[in-house]
Amino acid sequence: MREEIRKIQSLMESAEYVTDAPVATSVHLALTLRKPLLIEGHAGVGKTEVAKVMARMLETNLIRLQCYEGLDAAAALYEWNYQKQLLHIKLHEGGQRSVDQEEHEIFSESFLLKRPLLQAITQERSPVLLVDEVDRADEEFEAFMLEVFSDWQVTIPEIGTIKATHPPHVILTSNRVRELSDALRRRCLYLWIDYPSYDKEVTIVERKVPGINPRLAGEIARFMESLRRVRLAKVPGVAETLDWATALAALHADHLDETLVSETLGCVLKDADDIKRFRAEVGKAGLSPFLQTPS
Amino acid sequence: MPDRALSRAVVRFANLLRRQTLPITPRQVIDAVQSLDHLDLADRHEVYLGLRAGLVTRPEEVAIFDRAFDAFWRARTEADEVGEALAGPALPGEAPEPSLESQGARKERLELEGWGDEEEGDDGGEPLGVPVASEMEALVTRDFSTFSADQLDELLRLTVQIARRLARRVSRRRRPVRRRGRIDLRRTLRANLTRGEIIELRYRQRKRRKVRLVLLCDVSGSMDLYSRFLLQFLFALQHVFSRVETFTFSVHLTRVTDHLRQRSYRAVLRRLQELRDWSGGTRIGESLAEFNRSWSHLVDRRTIVILLSDGWDTGDPEVLATELLRIKRRAGRVIWLNPLLGNPSYQPLTRGMAAALPLVDHFAAAHNLAALRELADRLHL
């Protein structure tokens, strides 16, 4: 393994993120090739976490652009502070200044509201730009983003062109609500994060819930592993595992039993049908099939 | 820059992947070559991960990539000479590639090439022999299954024609909005800049989003013909929607969206025939379960799910009901098309149909052109 990748792995580990070779290699290449990294995976497997950890690792700012339906250039790039502009005009109403002067004044940088994309290109040091859940944004926005990513400059008619001196490191995440365009995919490095293996999940639980009973951590991971093999409507992710582990640790549990699982099931299963099916299953065969090592 | 031989090997590898239908751009290849500079070439797994990050763009491609990677970079690794095999000048030339082309694969490819050659002209061919009005009306209301084989071609053309006309209408149609929308401060301010007072308000209307379609077509036995017409019809309508996802099923579910996107449509229809499963009945419930497991992320409240089937389900009606309910909860609307409904004496009494009916927003026939035309009016939310 290359030294840099090992270093990234250990840096990520020290930033409280349990990582593996695919993640570390992708992050390494994203940093060296300066390409955006597109991360896909099921909900709750820690996609967003990669960006946060990367920012911590590089000791730089994390700028987050949360995507949603109808997100447009104005909300992502910049907007003028209209209220402030109005007030300013009102305050200087009786003044002698010409319209030109007035306009020059209110369209200066102090009236500019920088949104995430503009923020990302006006930093002293390359930040990490997290474009979260990019699949929620419209296709038009995707195209707009590609344009910004291609040369990292933005033109504001009233001010001029702003070019990034320190282009950001870009992480995009997607839950695959909508298939992303090929154009976007091809410009990115790609990483698929799957549910963690048993060993990895145990490590994650022990790392993130300090003081948890080791036996309990093992049982939790085993339980989650079995649960993900059952056909569920809402498959629990690592986020659920951690919620649950925290809850169980707070209850001072040291192992799983039926009552305990039943009482805290809401941390793990979030679909009424799933809960019903699970209860029926446990009623029939007990908890033990869920705690066995898969053959 | 990495070693020349190695760079060329990566280029050849990318070509191999392209032949396996991975859409790889030159830019990606350049980056992949450059990424080798930042990887430990003696570590096969690391090279694998690095190339995968650069050349794969969606999870479905990983399996193809893995097979190609194994075949292409396998040469001489058995002797644990990984580094040499990767960096050595005597790189496996074309040698490993044929190994991917088992007989079956080659046959498949020949077929694919055949598709590419299909002339697409017919779809767009303008001076169609459009039947005169009365004749046309007769065609429009006749059940598809009553046409003879040589009339079907003509009818398919007519289907496309009608769909195209509808598409124009549907995409132009505007619905009145109840609200005037939000005040657009930016334009308001601009408009009133020289006045010092806000006199004229500017509004911003909410953006209208296109609807997504998910099609699940029964292609078993007699349903195949109807599926073909429905697909043809919706294919011609597709730019009205933001996205059309198509699946076919009989015993198993097959996603055919990609075929529909890439190739001549007539050939796709022929392909559908090949996919048809003669082995047994239809298991709608199981097919829907498969859909929910792997593809439920395609369905949201802006999605219309259209299911075309006669409801002759040989599976468990309970499963059908559960899975359909699951779809209904996510989808904006569920439409069930049953060509048998075109027959006035038909009653939806099969167990499958009876279980499904309460969960369906709209139940209609799709047995003739008039019915398809009517369907188009239902395709908005």
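α1(B) passes α4(B) in a right-handed crossing (left-handed if the near helix is turned anticlockwise from the far one by less than a right angle, right-handed if clockwise). This is a predicted model, where local features need pLDDT of at least 70, side-chain atom pairs count only at pLDDT 80 or more, and totals for chains, interfaces and linings use all residues. Residues are numbered from 1 along each chain as its sequence is written, while chains are lettered from A and ligands numbered from 1 in the order in which they are written. Helices (H or I, at least four residues) and strands (E, at least two) are DSSP runs, numbered from the N terminus.

**α1 and α4 of chain B**

- The axes of α1(B) and α4(B), the latter covering residues 61-73, come within 10 Å and cross at roughly 140°; axes are lines fitted to C-alpha atoms, for helices over the stretch in contact, with angles running from 0 to 180 degrees between N-to-C directions.
- The two helices, α1(B) and α4(B), are therefore oblique to each other (under 35 degrees is roughly parallel, over 145 roughly antiparallel, 65 to 115 roughly perpendicular, and the rest oblique).
- B:F13, B:L16 and B:L17 of α1(B) meet B:F65, B:A68 and B:F72 of α4(B), where a contact has C-beta atoms, placed from the backbone, within 7 Å.
- By class, that contact of α1(B) with α4(B) has six nonpolar, no polar and no charged residues (Ala, Val, Leu, Ile, Met, Phe, Trp, Tyr, Cys and Pro count as nonpolar, Asp, Glu, Lys and Arg as charged, and the others, Gly among them, as polar).

**Strand β3 of chain B**

- Seven of the seven residues of β3(B) (212-218) are buried, so the strand is largely enclosed by the rest of the structure; buried takes 20 or more other C-beta atoms within 10 Å of the residue's own, exposed 12 or fewer, partly exposed in between, with C-beta atoms placed from the backbone.
- Both faces of β3(B) are covered, with B:R212, B:V214, B:L216 and B:D218 on one side and B:L213, B:L215 and B:C217 on the other.
- β3(B) pairs in the parallel sense with β4(B) (243-249) over seven bridges, and pairing takes at least two DSSP bridges between the strands; B:D218 has B:F249 as its bridge partner there.
- With β6(B) (303-308), β3(B) also pairs in the parallel sense, over six bridges, and B:R212 is bridged to B:T303.

**Chain A on its own**

- Chain A has 15 helices and nine strands, and 35% of its 295 residues are buried.
- Helix α1(A) (3-14) packs against α2(A) at about 110°, with the axes 9 Å apart, and that makes the pair roughly perpendicular.
- This crossing of α1(A) and α2(A) is right-handed as well.
- A:E4, A:I5, A:I8, A:Q9 and A:M12 in α1(A) meet A:A24, A:T25, A:V27 and A:H28 in α2(A); by class, that's five nonpolar, three polar and one charged.

**Where A touches B**

- The contact takes 31 residues from chain A and 31 from chain B.
- On chain A, α2 (21-33), α5 (82-91), α9 (182-187) and β9 (189-193) each supply at least two residues, and α2(A) gives the most, with eight.
- The chain A side has 16 nonpolar, six polar and nine charged residues.
- Over on chain B, the buried residues of α2(B) (26-35) are B:Q28, B:V29, B:D31, B:A32, B:V33 and B:S35.
- Their cover includes α2 and α9 of chain A, together with α1 (4-19) and α3 (44-55) of chain B.

Key: Contact = placed C-beta atoms within 7 Å.
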